[in-house]
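User: Can you take me through this one? I'd like to start with the overall layout.

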Amino acid sequence: MDNKNKGKILVIGATGTVGSEVLKRLVSTSSDNSIRAAVHSRNRADEISRQYTNKGIEIVDLDYMQPETITNALIDINRLFLQTLPVPDAINICSNIIREAKKNGVKYIVKLSAMGADSKPGSTILRLHGEEEKIIKESGISYTFLRPPAFMQNFITQFGQTIKTQNAFYAPAGDAKMSFVDTRDIAAIAAAMLMNGNNGSNKQHMNKAYDITGQESLSYSQVAEILSNGIGRKISYININENTAKEGLKQIGMNDWFINIMIELFRIIRTGYGSETTTEIERITGRKPIAFAQFIKDYAKAFR
Ligand SMILES: NC(=O)c1ccc[n+]([C@@H]2O[C@H](COP(=O)([O-])OP(=O)(O)OC[C@H]3O[C@@H](n4cnc5c(N)ncnc54)[C@H](OP(=O)(O)O)[C@@H]3O)[C@@H](O)[C@H]2O)c1
């Protein structure tokens with residue numbers, strides 16, 4: 001990579017639910033070929049290449065488990081969209097990324113975190129996000145932490161299969177409420193912050209953390225009702241106990257570590273985690289967050 005590439009924005013997790021939307025927004029607003037997309041699996045890398053042919057983005061392989069790919073992806077980067085994964089090695093992975101970021105003079109990081117990362121959470125996922133935030137803070141690089149609760153898009157990525165095949169989704173959520181947020185709203189904020197992260201107009205967001213939620217807190221039964229109305233067939237929410245949830249996750253190939261952290265997460269969801277709404281999306285973007293009914297309308301095909 002030569003010096004004319006200096007000053008690029010790197011989107012890590014460019015095929016993820018948030019990262020893919022961040023990339024889309026950055027490509028549509030940037031005209032100076034300054035975007036690099038880090039992709040993991042080959043087939044999804046090919047998808048991105050097709051989608052963005054002639055759009056001037058650079059695609060780079062990045063596997064969290066192969067540190068040399070992290071080193072390569074960060075060369076000449078000065079702004080970073082950072083998405084990590086809930087895996088046992090998360091802290092090490094984050095440290096590797098931040099070390100390379102520092103080495104390359106990265107000036108600004110927008111990190112996809114999670115609501116509650118700053119509390120003393122009874123959940124491994126939130127604790128990991130908290131520790132990753134600490135690594136970034138201690139690096140001295142400017143940052144903005146975006147802390148959503150659960151994504152609306154989980155109803156496609158996590159519950160979509162049984163919604164399509166059984167007209168039902170299963171979760172150990174009881175009658176808990178969740179302030180689901182559309183990943184397009186998170187991405188809109190992340191992309192705007194990254195674009196402006198170089199020109200000083202972003203000062204008010206530097207070194208801040210925002211809880212990014214939808215406008216309403218909904219129970220999983222209410223979601224089932226909105227889904228049913230939106231797609232025109234009855235979809236049911238089936239509340240399951242922890243053991244049934246564990247068996248279900250095992251059947252779809254999840255490992256024990258991941259199963260346990262999901263069970264932990266739903267345990268705190270049942271006691272109210274993620275039910276609080278904030279007005280950050282409207283305050284930052286000047287418009288209301290996308291409502292759940294609108295999300296269903298926009299993604300109706302995904303449930304057929
Ligand atoms: N889901 C939620 O409701 C929610 C709520 C709050 C916070 N978060 C946080 O958001 C982040 C993304 O969560 P998600 O589960 O929804 O993920 P996701 O959107 O499904 O994205 C996962 C991304 O990570 C990439 N990836 C997987 N393994 C990788 C590896 N070894 N090296 C490099 N990239 C790899 C995937 O690429 P491939 O597809 O090519 O493997 C994909 O682009 C996590 O930090 C999570 O804690 C999620």
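User: What does the domain assignment of the protein chain give?
Analyst: The domain assignment gives domain 1 (3-149 + 182-211) and domain 2 (154-177 + 215-275 + 290-303). Those bounds come from an automatic or database domain assignment. This is a predicted model: local features need pLDDT of at least 70, side-chain atom pairs count only at pLDDT 80 or more, and totals for chains, interfaces and linings use all residues. Residues are numbered from 1 along each chain as its sequence is written.

User: How many residues of domain 1 are in contact with domain 2?
Analyst: 14 residues of domain 1 are in contact with 11 residues of domain 2, where contact puts the C-beta atoms, placed from the backbone, within 7 Å. On the domain 1 side, helix 5 (124-139) and helix 8 are the elements that give two or more residues. Helices (H or I, at least four residues) and strands (E, at least two) are DSSP runs, numbered from the N terminus.

User: How do the residues on that side of domain 1 divide?
Analyst: Into 6 nonpolar, 5 polar and 3 charged. Ala, Val, Leu, Ile, Met, Phe, Trp, Tyr, Cys and Pro count as nonpolar, Asp, Glu, Lys and Arg as charged, and the others, Gly among them, as polar.

User: Switching to the core. Which residues of the largest nonpolar core touch the most other members?
Analyst: Val 11 and Ala 190, out of 79 residues. Helix 8 (residues 183-196) gives the most to this core, with 8 residues. The core draws at least three residues from each of domain 1 and domain 2. Such a core is a set of buried Ala, Val, Leu, Ile, Met, Phe, Trp, Tyr and Cys residues joined through C-beta atoms within 7 Å. Buried means 20 or more other C-beta atoms within 10 Å of the residue's own, with C-beta atoms placed from the backbone.

User: And what does Val 11 touch?
Analyst: Not counting residues up to four places away in sequence, Val 11 touches Gly 19, Val 22, Leu 23, Leu 26, Ile 35, Ala 37, Ala 38 and Phe 81.

User: Now the ligand. Which residues come nearest?
Analyst: Gly 16, Thr 17, His 40, Ser 41 and Tyr 64, of the 26 residues around the ligand. A residue is near if its C-beta atom, placed from the backbone, lies within 6 Å of the molecule. The shell divides into 13 nonpolar, 11 polar and 2 charged.

User: Last one: how many helices and strands are there?
Analyst: The protein chain has 13 helices and 11 strands.

How values were computed. A residue is buried if 20 or more other C-beta atoms lie within 10 Å of its own, exposed if 12 or fewer, and partly exposed in between; C-beta atoms are placed from the backbone. Two residues are in contact if their C-beta atoms, placed from the backbone, lie within 7 Å.
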